[in-house]
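Visitor: Could we take a close look at a single part of this one? I'm curious about domain packing, and I'd like the cut-offs spelled out as you go.

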Amino acid sequence: MSTVRVDGERLLQTFLEMVRIDSPSGDEAAFRAYLMERLTAEGLSGVIDAGGNLIVDLPAQHCAHDAILVFSGHMDVVPPCHNIQPIVQDVDGDRIITSDNTTVLGADDKAGLAPILETVFLCLQHQLPMPRLRLIFTTREETSLGGAKELSDESLQAQFAITLDHTGRQGVIINQAPTYIEFEITCRGKSVHAGIMPEQGVNAIVFASQVIEGLHLGRVDEQTTCNIGFLTGGKATNIVPDLATIRGELRGHNPQTLQAELAHIEQTLAEVSAIMPGTSYAFTHFTQFEGYHLDEQHPGVQNLLSAARKTGLEPQFIRTNGGSDNNVFVKRGLPGVVLSAGYMEPHSLKERVRLSEMTLCCQFLQNILETFAHEPF
Ligand SMILES: [Zn+2]
């Protein structure tokens with residue numbers, strides 16, 4: 001069965017309407033109301049949960065099984081994102097949508113949400129095959145995956161999740177993402193007047209810099225990265241500082257390596273402190289999200305591969321080094337992958353998307369729904 005033709009103009013209008021509505025992380029209400037209005041107009045109703053997420057359940061059409069598929073994307077956008085003015089340019093028979101260069105475009109993730117919405121509406125209008133479908137539109141993805149973390153167990157009771165939230169061409173399938181650990185090191189010394197009795201002071205900033213020198217930073221190995229993002233401390237040039245704080249992150253795909261790197265930080269602190277009398281420290285870390293690796297043989301992934309081929313796409317598995325709501329889904333027992341939403345240079349003023357990519361995404365989603373309606377997962 002071939003796909004029903006996607007109305008490119010309507011898709012473009014939906015996308016433009018979406019990006020014109022402000023939706024910074026934590027303030028997604030206006031945008032959520034827009035989604036609600038569009039859904040209501042098509043006879044659908046959604047539920048807003050305690051985390052501000054919007055959840056919509058749709059019954060199956062021409063489907064013999066009872067499994068639930070999830071389509072997901074996030075409603076929030078990174079700054080600067082107030083009063084976004086999209087610009088549409090004709091290029092080589094295609095349309096490229098950019099911002100006016102003073103804000104991001106918000107294609108991350110509205111270039112994912114617009115195709116989801118339009119595909120669902122098309123499937124309803126034409127009574128196309130689809131399994132039971134749940135739409136999960138989350139809040140605060142960009143800051144902390146905050147909305148996803150507050151989803152109820154009930155909302156996550158489904159068999160497979162597809163999150164549209166990655167850069168790149170259609171056909172890219174992200175089935176591997178890292179664990180992400182934030183850490184903070186408090187380095188303590190002793191404050192004294194820097195000019196009168198420096199011998200009696202212990203400089204916490206010097207201590208911190210010696211520690212940093214001992215750490216493994218940058219690309220630690222093929223699967224692991226570590227970064228120091230902040231080094232703060234000091235009160236005045238004439239005071240030997242008694243406090244310096246280091247904040248950083250560690251991310252990687254191998255749990256053993258991550259544990260070893262945390263141990264290395266501990267050990268470095270102990271060693272440096274031992275040769276600098278008068279210093280002390282505290283080291284804390286927090287796993288912001290856990291990584292996943294979904295097997296390529298998973299029936300949901302196999303369905304995706306066949307839907308990609310039906311769409312004429314060349315499927316390609318990719319390991320990302322970023323996180324997404326899918327980290328939360330998998331961790332909480334809902335297997336899933338991330339697909340490309342076609343946007344380029346996300347989180348920059350040059351963020352952009354081609355209409356042809358969003359149209360192709362709609363065709364892919366249509367084939368996904370048809371395949372998942374026919375094949376169990
Ligand atoms: Zn995103």
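Guide: The protein chain is split into domain 1 (8-178 + 291-374) and domain 2 (179-289), with bounds that come from an automatic or database domain assignment. Keep in mind that this is a predicted model, where local features need pLDDT of at least 70 and side-chain atom pairs count only at pLDDT 80 or more, while totals for chains, interfaces and linings use all residues. Residues are numbered from 1 along each chain as its sequence is written, and side-chain values use heavy atoms, with hydrogens and water left out.

Taken over C-alpha atoms, the centres of domain 1 and domain 2 are 39 Å apart. Where they meet, 13 residues of domain 1 are in contact with ten residues of domain 2, contact being heavy atoms within 4.5 Å.

Now for the area. Between them, domain 1 and domain 2 bury about 910 Å², with 46% of it on carbon and sulfur atoms; that's the accessible area (1.4 Å probe) that two parts lose on being put together, summed over both. On the domain 1 side, P178, R319 and N321 supply 56% of the area buried against domain 2, more than any other three residues.

R319 turns up again in the side-chain pairing: it meets E222 in a salt bridge, at 3.4 Å from N to O. The rule here asks for a side-chain nitrogen of Lys or Arg within 4 Å of a carboxyl oxygen of Asp or Glu, and it finds one salt bridge across the interface of domain 1 and domain 2.
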